[in-house]
Amino acid sequence: MTDRQESSPATTGRLYGVGVGPGDPSLITVRAAELIGRADVIAYHCARHGRSHARAIAERYLTGGQLEERLMYPVTVETTDHPGGYRGALDDFYQEASERLAAHLDAGRTVVVLAEGDPLFYGSYQHMHKRLAHRYPTEVVPGVTSISAAAARLGTPLVEAEEILTIIPGTLPEEELTARLAATDSAVVMKLGRTFPTVRRALERAGRLDEARYVERATMDGERTGLLAEIDADSVPYFSVAVLPSRVAALDSDGQPFEALAAPTGQPSPTGEVVVVGTGPAGPLWLTPEARGALAGATDLVGYTTYLDRVPVRAGQVRHGSDNKVEGVRAEFALELARRGRRVAVVSSGDPGVFAMATAVLEAACEDPYRDVPVRVLPGMTAAHAAASRAGAPLGHDYAVISLSDRLKPWEVIARRLRAAAEADLVLALYNPGSKSRTTQVGSARDLLLEYRDPATPVVLARDVGGPTERVRTVALAELDPADVDMRTLLLIGSTQTQWVQRDGGHDVVWTPRRYPEG
């Protein structure tokens, strides 16, 4: 509630923004009904046809002797000859409408502005509120939103436990709709009508069309609900919403403990799949919307326990953690779950296709009995790119990515590749440089590269990028100390063209020019 100063004239009227709910007059709150009944002025917005849904909902509470202010929009679509365009036409309208209401308030009248749903939720009243609430005593009376009404009419939980609800206007561009629908747990898309085809395509592209429900005119005459995929686009009015309800209920309905899946179950299910998900180098800030959606929609999560711990726990999901040295076993286990109808997300750090789980899963998926199991790979931010962003732009020109681990290939192969990259004057991104059991590789790589690089060549040591113990610093190649490097460190070694500059008060910036010198 916002009140004027005590010096305001005693004759000043009071402004009320009153939510009248989604359509059924019996869903108007007691407070709203009282205010409508005793108001001096009833104001409502409408299109050029003059009919107001808000007034129709509140009609039974009107006394018949009240002044009515019909605030008619000059435009309802983005076509106008106003010099300021559509937005300019609306701004002028809102200013004119607010001054009409101010005249009543200055005369000491109580003004109730009716708003469908809730006054401050995508409502026209809010434009009056912004222009008048600082000038007059004002109260906003909340109302039942179309979202609450839609969920109630579907009879399906909207969100549960730690799920996140995203409210999206259907007027967003298709790419933005797709990203937000893929990333969230539950969603309601408002403002359908002419946007319905775009919203439907976005749901399909996000892989969520089968979950989507449709609600039209919730609690009003002509109410309709159903599966959104079955709705004819030509029949969709503005007063309709798309709903992605809670996934927890869906997961609970077919969830079963892991032990129940351990024994063969006969024919493979056609509904299962494996999605290999890249989670980026650290926490949720590095997660793409597509990856976030795949993790939320999975019945089972499979992965190295350390990486699984980065994924939020969701009711109904089964988590299968394991050691980091059993990639092949983990891949076959995920594929077997999918054969039995489960939606499996294999969790991989960074990008799953860069020294990570995608290869292991695809290797197993190309053998019997898993050839028919659907497999998708969702990219993630890889460690090299994350580290480079912290240092500046060391990967601004051609570069090579090499793992220093000799567990899966001999050191002779690694050394040959390092020499080839050094001779080609490529920037190097070195993964898996060292561990407790591998202590010689960094020193050997440094000594080899010094045969081709100036001792002052910049080397970026990036440890735990994006994590709580992140540390990124730059040293000269000749000063690279293997003792400073562990398995969580990535090395970026410059080419002959890479620049190492101090700026911003001594802050190191490393960058490689895009133009390479001729000759």
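Is Glu69 buried or exposed, and at what relative accessibility? At 14% relative accessibility, Glu69 counts as buried, the term buried being applied under 20% relative accessible area, exposed over 50% and partly exposed in between, with a 1.4 Å probe and protein chains only. The model is a predicted one, in which local features need pLDDT of at least 70 and side-chain atom pairs count only at pLDDT 80 or more, whereas totals for chains, interfaces and linings use all residues. Residues are numbered from 1 along each chain as its sequence is written, and side-chain values use heavy atoms, with hydrogens and water left out.

The side chain of Glu69 meets that of Arg100 in a salt bridge, at 2.4 Å from N to O, where a salt bridge is a side-chain nitrogen of Lys or Arg within 4 Å of a carboxyl oxygen of Asp or Glu. Because Arg100 lies in helix 3 (residues 85-106) and Glu69 in strand 3, this pair ties together parts that are 31 residues apart in sequence; helices (H or I, at least four residues) and strands (E, at least two) are DSSP runs numbered from the N terminus. Arg100, at 26% relative accessibility, counts as partly exposed. By the rule stated above, the count comes to 29 salt bridges. Among them is the pair of Glu68 and Arg55, whose closest N and O atoms are 2.9 Å apart. Glu68 lies in strand 3 (residues 67-72) and Arg55 in helix 2 (residues 53-58), so that parts 13 residues apart in sequence are tied together.

The largest nonpolar core has 22 residues, and those with the most contacts inside it are Leu418, Leu428, Leu430, Val459, Leu480 and Leu491; such a core is a set of buried Ala, Val, Leu, Ile, Met, Phe, Trp, Tyr and Cys residues joined through side-chain atoms within 4.5 Å. At least two residues of this core are supplied by each of several elements, including strand 17 (399-403), helix 14 (411-423) and strand 19 (458-463), and helix 14 gives the most, with five residues. A second, separate core of 21 residues includes Leu15, Val41, Phe93 and Ala97.

In helix 7 (residues 196-205), Phe196, Val199, Ala202 and Leu203 are buried. Seen down the axis of helix 7, these buried residues fall within an arc of 125°, so they line one face of the helix, the arc being that of the directions from the helix axis to the C-beta atoms. Helix 7 is followed by Gly207, whose phi is positive, near 75°.
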